[in-house]
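I opened my notebook to look up a few strands and helices.

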Amino acid sequence: MLVLLPPSETKHAGGSGAPLDLSALTAADALTGVRSRLVDAVVALAADVPASRAALGLSPKQDEEVARNAALRTAPSMPAIQRYTGVLYDALDVGTLTTAQRAKADARLAVGSALFGVVRAGDPIPAYRLSSGSQLPGLPTLRTLWKPALSPVLADHDGLVVDLRSGGYQALAPVPGAVTVDVLSERADGTRAVVSHFNKAHKGRLARHLVTSRAEPADTTALVGLLRRGGFHVERARGSDALTLVVPA
């Protein structure tokens, strides 16, 4: 099973790992060309702070993000699953996993990335700023760059794929046949609404359950059973790979 997580805009600073080595990342043979092109573009853009703000949607108070991009090739790295922050990663809480569970997380979790395409949980990466909707000067759209390279990599996974990425990252490289999850809140009167901010927290808890479970679901039916046994209210339309996670309002 492969669980694809969305990245976060915010990231932990620092790290104790060696600087970025694109050859050490997942699917290096297939993805290093696009990764290198994007890293070069992001580093070059960082030399022009106003242009970086415009391209990345940053305010002057976020100029440290530009400085991070300038240091992409020399900054220390840390495992991707520890680099990303925010409510999803707080709920996933990898720091409290046992050694065995962390090994399972490294095997089962991957993160969608505008800069790297996809990284496994243990891939060493520096802090950076680039979003799925960013447009780098002089380059095609990120979707144009990533789709032909990344889609075959994700489609080649031999097993169930649970795609928890947000829409912008799914668009970079859709995964045919992947299980997707929408989160709806249910009020006391039975009406439902889309969960916005806390959508990520619920997906983080769901991902944690998948990496702490010993089960290895082979298809959507088995996945639904695993989640329901774990206390999740999951609904599935007949024959669909799109699941709805229903949470209290």
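I noted at the outset that the model is predicted. I began with strand β3, residues 109–113. Is β3 buried or exposed? I found 5 of its 5 residues buried, so β3 is largely enclosed by the rest of the structure. I then checked which way its residues point. L109, V111 and S113 face one way from β3, while A110 and G112 face the other way.

**Entry two: its partners.** Which strands does β3 pair with? I looked up strand β1, residues 2–5, and found 3 bridges joining it to β3. Those two run parallel. L5 stands opposite V111 in β3. On to strand β4, residues 117–120: I found 4 bridges joining it to β3. This pair runs antiparallel. Here V111 stands opposite V119. I also noted that β3 and β4 form a hairpin, with 3 residues between them.

Next I turned to helix α9, residues 199–212, and helix α10, residues 220–229. At what angle do they pack? I read about 105 degrees, with the axes 11 Å apart. An angle of 65 to 115 degrees counts as roughly perpendicular, and α9 and α10 are therefore roughly perpendicular to each other. I listed the residues that meet: L206, H209 and L210 from α9, and L223, L226 and L227 from α10. I sorted this contact into 5 nonpolar residues, 1 polar and no charged.

Technical notes
Residues are numbered from 1 along each chain as its sequence is written. This is a predicted model: local features need pLDDT of at least 70, side-chain atom pairs count only at pLDDT 80 or more; totals for chains, interfaces and linings use all residues. Side-chain values use heavy atoms; hydrogens and water are left out. Buried means under 20% relative accessible area, exposed over 50%, partly exposed in between (1.4 Å probe, protein chains only). Two strands pair if DSSP finds at least two bridges between them. Axes are lines fitted to C-alpha atoms, for helices over the stretch in contact, and angles run from 0 to 180 degrees between N-to-C directions. Angles under 35 degrees count as roughly parallel, over 145 as roughly antiparallel, 65 to 115 as roughly perpendicular and the rest as oblique. Contact means heavy atoms within 4.5 Å. Ala, Val, Leu, Ile, Met, Phe, Trp, Tyr, Cys and Pro count as nonpolar, Asp, Glu, Lys and Arg as charged, and the others, Gly among them, as polar.
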